[in-house]
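Please look it over before turning to the questions.

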Amino acid sequence: MKVTVNRKAHFNAAHRLYNADWTDARNAIVFGKCANPNYHGHNYELIVSVKGEIYPETGFVMDMKVLKQLIETEIEEQFDHKNLNEEVPEFEILNPTAENISVIIWNKLRSKIDANLELSITLYETPRNFVTYSGEQ
Ligand SMILES: Nc1nc2c(c(=O)[nH]1)N=C([C@H](O)[C@H](O)COP(=O)(O)OP(=O)(O)OP(=O)(O)O)CN2
Ligand SMILES: [Zn+2]
């Protein structure tokens, strides 16, 4: 029997959607107001879901205190109140779209969570725009 535990988290961050290989005009056409050279911000809401068997001794799939701490160190401390393009090394070249941020978050957490547990994340960039990722290639 597999059960999923979920933890919500939050960070706010600035970004700019931009392809450095394109002209400013093309960036403006494709990314619109999101290509603003002066950046813009989002209140990102993150849901981290961990699925696995319940350990009989603890009754836990994974200790949510441990999950909370992991999200704080690996994600919130790295991203919160940051300019993603300028201050987060993973986005020095990679465009910080919700899709790319989701893959980066998933990879950071995956390496820290027991391989027997399945991991998926949902990232809300706005209340109505959200992305899910579970490690599919
Ligand atoms: N596939 C993607 N498309 C877009 C992304 C993205 O990350 N992936 N990002 C953006 C913008 O950064 C931003 O998320 C869009 O802002 P906005 O259009 O204002 O979205 P809202 O939900 O706030 O818009 P409403 O009109 O209020 O619904 C664009 N595209
Ligand atoms: Zn944006």
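The questions and answers below concern a predicted model, and they take up the annotated positions and the ligand in turn.

Q: Which residues does UniProt list for "binding site"?
A: The annotation comes from an unreviewed UniProt entry, and the residues it lists span 28 residues in sequence. No two of their C-alpha atoms are more than 8.2 Å apart, so they gather at one spot. The residues listed in that entry are His-15, His-40 and His-42.

Q: Is His-15 buried or exposed?
A: His-15 has its place in strand S1, which covers residues 2–15, and, leaving aside neighbours within four places in sequence, His-15 is in contact with Tyr-39, Leu-84, Asn-85 and Pro-96. A residue counts as buried if 20 or more other C-beta atoms lie within 10 Å of its own. Around His-15 there are 25 other C-beta atoms within 10 Å, so His-15 is buried.

Q: Is His-40 buried or exposed?
A: His-40 is found in strand S2, made up of residues 40–53, and, not counting residues up to four places away in sequence, His-40 touches Ala-14 and Cys-34. Because His-40 has 12 C-beta neighbours inside 10 Å, His-40 counts as exposed.

Q: Is Glu-125 buried or exposed?
A: Not counting residues up to four places away in sequence, Glu-125 touches His-42, Tyr-44, Ala-98 and Phe-130. With 20 C-beta neighbours inside 10 Å, Glu-125 counts as buried.

Q: How many charged residues does the shell around ligand 1 have?
A: Ligand 1 is surrounded by Leu-17, Cys-34, Thr-97, Ala-98, Glu-99, Glu-125, Thr-126, Arg-128 and Asn-129. Asp, Glu, Lys and Arg count as charged, and the surrounding residues include Glu-99, Glu-125 and Arg-128. By class, the shell has 3 nonpolar and 3 polar residues, and its number of charged residues is 3.

Key. Residues are numbered from 1 along each chain as its sequence is written. Chains are lettered from A and ligands numbered from 1 in the order in which they are written. This is a predicted model: local features need pLDDT of at least 70, side-chain atom pairs count only at pLDDT 80 or more; totals for chains, interfaces and linings use all residues. A residue is near a molecule or strand if its C-beta atom, placed from the backbone, lies within 6 Å of it. Two residues are in contact if their C-beta atoms, placed from the backbone, lie within 7 Å. UniProt positions are given in the numbering used here, feature names are shortened, and annotations may be inferred rather than shown by experiment. Helices (H or I, at least four residues) and strands (E, at least two) are DSSP runs, numbered from the N terminus.
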